[in-house]
Amino acid sequence: MQPLRILFIPEEASAETSDRTPALLRLLRQHHTVVGLPALWERSIYDPRRAKAPRYALYVVERSLAALRGLRAARRAAVQIVFAETPHHALVGLWIARILGVPCVSDSPGNALLFPQSVVNGLASPLLSSALDRYLSRRQAALITVSERDAEAYAAMGVPRAALHVVPTSVDVGRIDAEGRRAGTSRVETEGVEGRRSLLFFGSFQYAPNLAALRFISGRLAPFLEKEEIACDIRIAGRDVPGEDLHPSVRSLGFVPDIHDCIRHADLCVVPVFQGVGILTKVVDIMAVGTPVVVSGFALHGIPEIRDGVHAVVAATEDAFPERVAFALGHPDRMAEMAREARRLVEARYDWKVYEPVLGGLLASLASRAGSE
């Protein structure tokens with residue numbers, strides 16, 4: 001495959017995480033010359049604790065400056081493709097691509113129409129988000145989605161089916177295994193004390209569904225386990241954990257540099273996320289590491305291959321979730337077998353190496369088509 005010159009928007013500082021954007025950036029850099037465009041003030045723009053008006057103003061200023069910086073960088077590098085993450089970054093990417101006469105490819109973490117409530121931290125309403133999604137997705141050379149469900153939603157919005165390409169959020173299995181070998185028998189804070197089981201939930205808590213999950217864990221799951229006399233330590237890892245009172249068995253670890261090590265040393269991971277968009281990346285991470293997991297039925301929208309009792313314990317409703325966690329804690333041997341099956345599923349369907357040739361072929365085809373016009 002001939003290396004391409006690509007402008008990637010945005011280049012995230014957290015390049016070692018397993019989140020989709022830095023993972024795609026790492027994947028493309030293995031074979032292509034990639035110019036990353038850093039996002040300025042991104043965390044401030046999407047911080048729901050800040051007033052809306054200044055965030056709107058900052059959004060306009062940041063996107064305007066990003067467009068000018070990106071155009072300068074793209075011309076200097078003579079890029080052949082602009083690759084943008086999320087519609088908000090595609091707004092900049094499409095403008096640059098139109099001026100340079102090169103294809104713009106957008107990667108969507110989830111279709112806005114599939115989530116009726118705003119998950120953009122109050123910066124934009126669902127109506128505005130879906131309108132932006134619709135406008136941009138119809139004007140790009142290709143749109144990458146995380147699932148067939150999302151692709152169908154975009155097709156219903158009028159995006160040509162030929163322009164839609166499914167590349168699920170995946171993990172680098174080989175990298176995770178190498179991390180595990182280096183970690184050896186180290187012990188991390190997710191370990192419970194003797195006689196108590198260690199549970200883990202993690203994510204970014206600026207994302208509303210994760211925040212709702214945290215409150216569910218503290219307000220419903222932890223009290224249920226306490227009532228059933230199931231001794232547990234529940235650890236919460238991630239950015240922007242709110243400083244609110246939690247159940248005594250629930251403790252925040254804050255941001256953890258190596259989340260895979262935390263997953264590896266937990267007895268059970270719980271994912272009580274009941275709404276949102278796209279694929280729950282955390283579920284793919286957990287299955288890849290090989291730790292047993294209890295998930296909500298919502299997780300199956302993004303990872304439809306998961307089977308209850310085969311790859312994970314699945315709770316169909318919020319009310320059923322605490323009981324399913326109790327079941328999982330009471331059957332460690334069955335959970336260990338499910339974890340092994342889940343790992344096999346990730347190796348077959350959610351390892352980035354499976355989609356590397358798909359993504360590379362798509363970009364090469366678009367660059368070739370543009371170059372011949």
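Buried means under 20% relative accessible area, exposed means over 50%, and partly exposed lies in between. The views below use these words for a predicted model.

**Figure 1. Overview of the predicted chain.** The model is a prediction, and its protein chain contains 14 helices and 12 strands. Of its 373 residues, 53% count as buried. Among contacts with a separation of 6 or more, 67% are between residues 24 or more positions apart. The chain exposes about 16,300 Å², and carbon and sulfur atoms supply 54% of that area.

Figure 2. Leu40, Trp41, Val61, Leu65, Leu68, Trp95 and Ile99 make a nonpolar surface patch of about 600 Å². Two elements give two or more residues to the patch, helix H3 (52-77) and helix H4 (86-100). The most comes from H3, which gives three residues. Leu65 counts as partly exposed because its relative accessibility is 36%, a value between the limits of 20% and 50%.

**Figure 3. Helix H3 and what covers it.** H3 has 26 residues, and its first and last C-alpha atoms are 36 Å apart, close to the 38 Å expected at 1.5 Å a residue. The buried residues of H3 are Arg55, Tyr59, Glu62, Arg63, Ala66, Ala67, Gly70, Leu71, Ala73 and Ala74. Their cover includes strand E1 (5-11), strand E2 (33-38), helix H2 (42-45) and H4. Just after the helix, Ala78 has a positive phi of about 55°.

**Figure 4. The salt bridge between Arg343 and Asp177.** Arg343 and Asp177 form a salt bridge in which the closest N and O atoms are 2.7 Å apart. Arg343 lies in helix H13 (residues 332-349) and Asp177 in helix H7 (residues 173-183), so the bridge ties together parts that are 166 residues apart in sequence. The two partners fall into separate burial classes: Arg343 counts as buried because its relative accessibility is 16%, whereas Asp177 is partly exposed at 27%. The count for the model comes to 17 salt bridges.

**Figure 5. The salt bridge between Glu244 and Arg215.** The side chains of Glu244 and Arg215 meet in a salt bridge with an N to O distance of 3.0 Å. This pair links distant parts of the chain, 29 residues apart: Glu244 is in the loop between strand E8 (232-237) and strand E9 (250-254), and Arg215 is in helix H8 (residues 208-227). Glu244 is partly exposed, because its relative accessible area is 29%. Arg215 also counts as partly exposed, at 43% relative accessibility.

Figure 6. In the salt bridge of Glu318 with Arg220, the closest N and O atoms are 3.6 Å apart. Glu318 is in the loop between strand E12 (313-315) and helix H12 (321-330), while Arg220 is in helix H8; the pair links distant parts of the chain, 98 residues apart. Glu318 has a relative accessible area of 37% and is therefore partly exposed. Arg220, at 35%, is partly exposed as well. Salt bridges with shared partners join Glu337, Arg340, Glu341 and Arg344 into one network.

**Figure 7. Helix H8, its bend and its buried residues.** The 20 residues of H8 should span 28 Å at 1.5 Å a residue, and the end C-alpha atoms are 28 Å apart, so the two values agree. At Ile217, H8 bends by about 40°. Ile217 is also one of the buried residues of the helix, together with Pro209, Asn210, Leu211, Ala213, Leu214, Phe216, Ser218, Leu221, Ala222 and Leu225. The buried residues of H8 pack against strand E7 (197-202), E8, E9, strand E10 (268-271), helix H10 (281-289) and H12. After H8 comes Glu229, which has a positive phi near 60°.

Technical notes. Residues are numbered from 1 along each chain as its sequence is written. This is a predicted model: local features need pLDDT of at least 70, side-chain atom pairs count only at pLDDT 80 or more; totals for chains, interfaces and linings use all residues. Side-chain values use heavy atoms; hydrogens and water are left out. Patches are made of residues with over 30% relative accessible area and no salt bridge: like charges are joined within 9 Å, nonpolar side chains (Val, Leu, Ile, Met, Phe, Trp, Tyr) within 5 Å. Accessible areas come from the Shrake-Rupley method with a 1.4 Å probe; for residues, only the protein chains shown count as cover. A salt bridge is a side-chain nitrogen of Lys or Arg within 4 Å of a carboxyl oxygen of Asp or Glu. Helices (H or I, at least four residues) and strands (E, at least two) are DSSP runs, numbered from the N terminus. Buried means under 20% relative accessible area, exposed over 50%, partly exposed in between (1.4 Å probe, protein chains only). The expected span of a helix is 1.5 Å times one less than its number of residues. The bend at a residue is the angle between axes fitted to the seven residues ending there and the seven starting there. Contact means heavy atoms within 4.5 Å.
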